[in-house]
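Work through the exercises below with the structure on screen. Try each task before you read its solution.

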Amino acid sequence: MEFSLRIAYSLLFFFFYLDSVSSLNSDGFSLLALKEAVTFDPHRSLSSWKESHETPCGWPGISCISGRVSEISLPNKGLAGYIPSELGFLFSLRRLSLRNNNFSNPIPSGLFAASSLVSLDLSHNFLTGRIPAEIRVLKNLTHLDLSSNLLNGSLPDALSDLTSLSGSLNLSYNRFSGQVPESFGKFRVSVSLDLRYNNLSGPIPQSGSLLNQGPTAFTGNLYLCGFPLQNPCSSPENTKTPLNPLNPVDPKDQGNVRPTFDTSTPTHKDAKKALSIPILCGVVFIAVSLFVSVCIFRKKLTFTEGAKVEKERNSIGIGGIGCDREEGLNGEFHVLDEGFKLELEELLRASAYVVGKSRNGIVYKVVVGKGISVAVRRLSEGSGGLSRRLKEFEAEVEAIARVCHPNIVRLRAYYYASDEKLLVSDYISNGTLHSALHGGAVNSSPALPWGTRLNIAQGAGRGLAHIHECGPRKHVHGNLKSSKILLDEDFQPYISGFGISRLVSSAYQASDSFSRKQNATTQFVSAASECYLAPEARGVGQRPTQKCDVYAFGIILLELLTGRQPEARPESNEMELEVFVRQAFKEERPLSEIVDRSLLHEVYAKKQVLAVFHIALGCTDANPEMRPRMRAVSDCLSRVGCH
């Protein structure tokens, strides 16, 4: 209420003043307040902003819509001064960018009266103080970047009221302290959260979208602990609050080290003594120092780029995905596809989001240069699968990479260190077949029509047939299920997870390639996964075969046809999917009782549906010798769509 009254009184005075002095509109005078607040303009970027103009719409850095200021874009201008509250009077302002300047002082709460803001970028300045709680009124804000400043205090819960945030929330390289608010879990999964290099402490809340953030979002906070960091919260030193806050330095600003304001340092004591010097001398000294610092920084910038990259490589690790300095130095990064342009340094700085977890490891969506996304799988540490030597690991990875097909997820690169291994592959954006059929957070689209389902079956069939026949080695997927079939925006299918079990050992898989005998048990396999296992593979120590893949593919076909999940549900007297369909055909029950109800209106497809049912039942025959080869299955599916 106090905030609203203050703005109202300011507005009354402001507009009465405008009417009496000039024909320049109110937006123009708000911008002139910014010009007056700028004490140093080395490029004379604001020199053409004149009170004599009728409108500011032609001023450099200003854009308008219908005569009102909609955007202020003044990045990289070397401007020094403060940000005036009068910018809050720009009620049509949608984008404000003052990044990479030298603005100081706190962020004025009056700025947030510009409630139409969609994007606010004040990064790479010298702003101090806390984030005002009034920021919560920016209900349209989708992008907020306050990184690389001197902001302090705790992270305000008010940020969680920014319900439209969908791009980035970057608060990295500041001096924020305290815990990560649990309310930050309310952010959308799509929000790129970056809290790196602050003084945050305590456990990371395991709630909401915070569970989907990769470790990149939290690195550089020495006292943060818990998933997704490799810093457990069990030991007392990992949960305590630092007594003397650190002053993290942005690696991007190595040539422009920021002043510290820690009251315990000798620098601060000297500053207190300096207050006795006449104010005029102090102002002159600060102005000269600032000018010299800016000049030196600009001159040195080009010479420090190489050093900055190396420092960041040593301090952050591979994309922040659990690699420390030692691993970053000892690891090797290899690109398997010459046409795939990805540098190690891009992974160092990339944002990561958890998109999948399994016993084989965690899969991250990593956004690299120019907004390109890749999938990075961090292999889990099993009972020895990660201890294999580089040459052996390299041979397995390159064998996997040679299996190329339009319906198989392409392995592009890998990172190898003694106890950290990452696989980089294409990112397929539209979720899994499982979520498309049965619902889930990733995919909430309407039920798939028959034509799309048939296309998915045919594409996945071609991909699996290629795996089986692409070389002299009898490749086996071994863990095929509907969650391993990824879909792109056009619902084209891609088989994922091929070859992973060669690289990872766990309680249920072998630690070596499929050509060797599996020594794992299957009693720990979940009920859902067991329904994809062929009967002969459900015993202890049984290694999967190509006929096991055919059985799993048949179950996927039945999922596509019936819309049912394959696992049995004893509480509802539901039987396993294959048993249910086989019994229904034996009893000659009507097709309407078996097929997915969303397909019943597509009467024209009845013959095609029946044909695919027969293919699926052949694939799921209890006798592996009676199951067809995958090439024959793929050929039969290809003929289903022909007229």
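The model is predicted: local features need pLDDT of at least 70, side-chain atom pairs count only at pLDDT 80 or more, and totals for chains, interfaces and linings use all residues. Residues are numbered from 1 along each chain as its sequence is written, and side-chain values use heavy atoms, with hydrogens and water left out.

**Exercise 1. The whole protein**

Task: State how many helices and strands the protein has, and what share of its residues is buried.

Solution: 
- Step 1. Count the elements. Helices (H or I, at least four residues) and strands (E, at least two) are DSSP runs, numbered from the N terminus. The protein has 16 helices and 23 strands.
- Step 2. Apply the burial cut-off. Buried means under 20% relative accessible area, exposed over 50%, and partly exposed in between, with a 1.4 Å probe and protein chains only. Of the 643 residues, 51% are buried.

**Exercise 2. The sheet**

Task: Give the strand order of the open sheet of 6 strands, and find its edges.

Solution: 
- Step 1. Recall the general rule. Strands of a sheet pair through backbone hydrogen bonds, either parallel or antiparallel.
- Step 2. Two strands pair if DSSP finds at least two bridges between them.
- Step 3. Read off the order. It is β16-β20-β21-β19-β18-β17, with antiparallel pairing.
- Step 4. Find the edges. β16 (332–335) and β17 (351–358) each have a single partner strand, so one side of each lacks a neighbour in the sheet.
- Step 5. Neighbouring strands are turned by 20 degrees against each other on average, direction ignored.

**Exercise 3. Strand β21**

Task: Describe the partners of β21.

Solution: 
- Step 1. Take β20 (residues 411–417). It runs antiparallel to β21, and 6 bridges join the two. Tyr-416 stands opposite Lys-421 in β21. A hairpin of 2 residues links β20 to β21.
- Step 2. Take β19 (residues 373–379). Its pairing with β21 is antiparallel, over 5 bridges. Here Ala-375 faces Ser-425 in β21, and Val-374 stands opposite Asp-426.

Notes: Axes fitted to C-alpha atoms, helices over the stretch in contact; angles between N-to-C directions.
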